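Before reading on, please take a moment to look over the sequence and the model as a whole. The paragraphs below go from the chain in general to single pairs of residues.

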Amino acid sequence: MPIYKCIIDDENYGNMEYDEKYIILVLYHNEDENLNEIHFVSLPYAYHSDVLRKYKSILYNDENYGNMEYDEKYIILVLYHNEDENLNEIHFVSLPYAYHSDVLRKYKSILYNDEKYSTGYTFGSSTVDGGGLVKVNRKEKTISTYGMSGGFGKPNADIVELILRKTMKDYNIDVTITNYIRG
C-alpha cells in the first residue's frame, strides 16, 4: 500500500481563491514497494514542469528524500575572460529546469551576481558547447549522462568526462552521449 501525501503551497495566499497547476508524483522506494509514495503537488508556477522542478528541489533538501536518484538537464558553458585567455573556464552546469536554455539563463544570472564573473568575464561572448541529461544517485555515488540538447546540440564527451572526474572524485562516472532529446 503506497503512502499518500498532499502538498499545497497556500501560506502565501491567505483566504484568496486561486487556481494553480498540480502534478501527481509517484516516488518508488529502492528496496520496499510498500514504501512507495504518491504525492499530489500544487505550487504557484505557470508550468507543470516548474512545479516538478521546484518540488524535486524541496525533496532533494529533505533528509528523508535526499538520497533519491534523479535526472536533470545539463549544459557545458565556456566562459571567456576579458583579458587573459588562460583564465577561460568551462563549466558543467546542471540545474532542475525543463529546458537547457532555462539552465543557461538561470546560471548566467547566478554568475552575473558573483563579483568574480561580473567583472572579469563577458557573458555575451560565452558559448554553450552542447548539453544533455545527467542522472545522479547520491546513495550509490554514481553519475551518468545521456542524451543531447535539442537547442545546443551534443556536448564533447571528453570534456564532460574530464569535468566530472575532476570535480566529482568520489563518484563512479559513466559518460554517454546519445541522440535522445527529452522535451
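Of the 183 residues in this chain, 37% count as buried, a word that stands for under 20% relative accessible area, while exposed stands for over 50% and partly exposed for anything in between (1.4 Å probe, protein chains only). The model is predicted, so local features need a pLDDT of at least 70 and side-chain atom pairs count only at pLDDT 80 or more, whereas totals for chains, interfaces and linings use all residues. Residues are numbered from 1 along each chain as its sequence is written, and side-chain values use heavy atoms, with hydrogens and water left out.

The chain has four helices and eight strands, where helices (H or I, at least four residues) and strands (E, at least two) are DSSP runs numbered from the N terminus. Among the contacts in the chain with a separation of 6 or more, 61% are between residues 24 or more positions apart, a contact meaning heavy atoms within 4.5 Å. The accessible surface of the chain comes to about 11400 Å², and 48% of this belongs to carbon and sulfur atoms; such areas come from the Shrake-Rupley method with a 1.4 Å probe, and for residues only the protein chains shown count as cover.

On that surface, Tyr22, Ile24, Val26 and Tyr28 form a nonpolar patch with about 440 Å² of accessible area together. Patches are made of residues with over 30% relative accessible area and no salt bridge, like charges being joined within 9 Å and nonpolar side chains (Val, Leu, Ile, Met, Phe, Trp, Tyr) within 5 Å. Isoleucine 24, one of the patch residues, has its place in strand β2 (residues 22–27).

The buried residues of α1 are Asp50, Val51, Arg53, Tyr55 and Leu59.

In the loop between β4 (69–79) and β5 (89–94) lies glutamate 83, which is exposed, with a relative accessible area of 75%. Glutamate 83 and glycine 120 are 37 residues apart in sequence, yet their C-alpha atoms are 7.7 Å apart in space.

How many salt bridges does a search of the whole structure find? The search finds three, each being a side-chain nitrogen of Lys or Arg within 4 Å of a carboxyl oxygen of Asp or Glu. One of them joins the side chains of lysine 116 and glutamate 89 (2.9 Å, N to O). Because lysine 116 lies in helix α3 (residues 115–120) and glutamate 89 in strand β5, this pair ties together parts that are 27 residues apart in sequence. Lysine 116 counts as partly exposed at 45% relative accessibility, whereas glutamate 89, at 17%, counts as buried.

Aspartate 102 forms a salt bridge with arginine 105, their closest N and O atoms being 2.6 Å apart, and both lie in helix α2 (residues 100–112), three residues apart, about one turn of the helix. An α-helix has 3.6 residues a turn, so residues three or four places apart point the same way. In helix α4 (residues 157–167), arginine 165 and glutamate 161 lie four residues apart, and they form a salt bridge whose closest N and O atoms are 2.8 Å apart.
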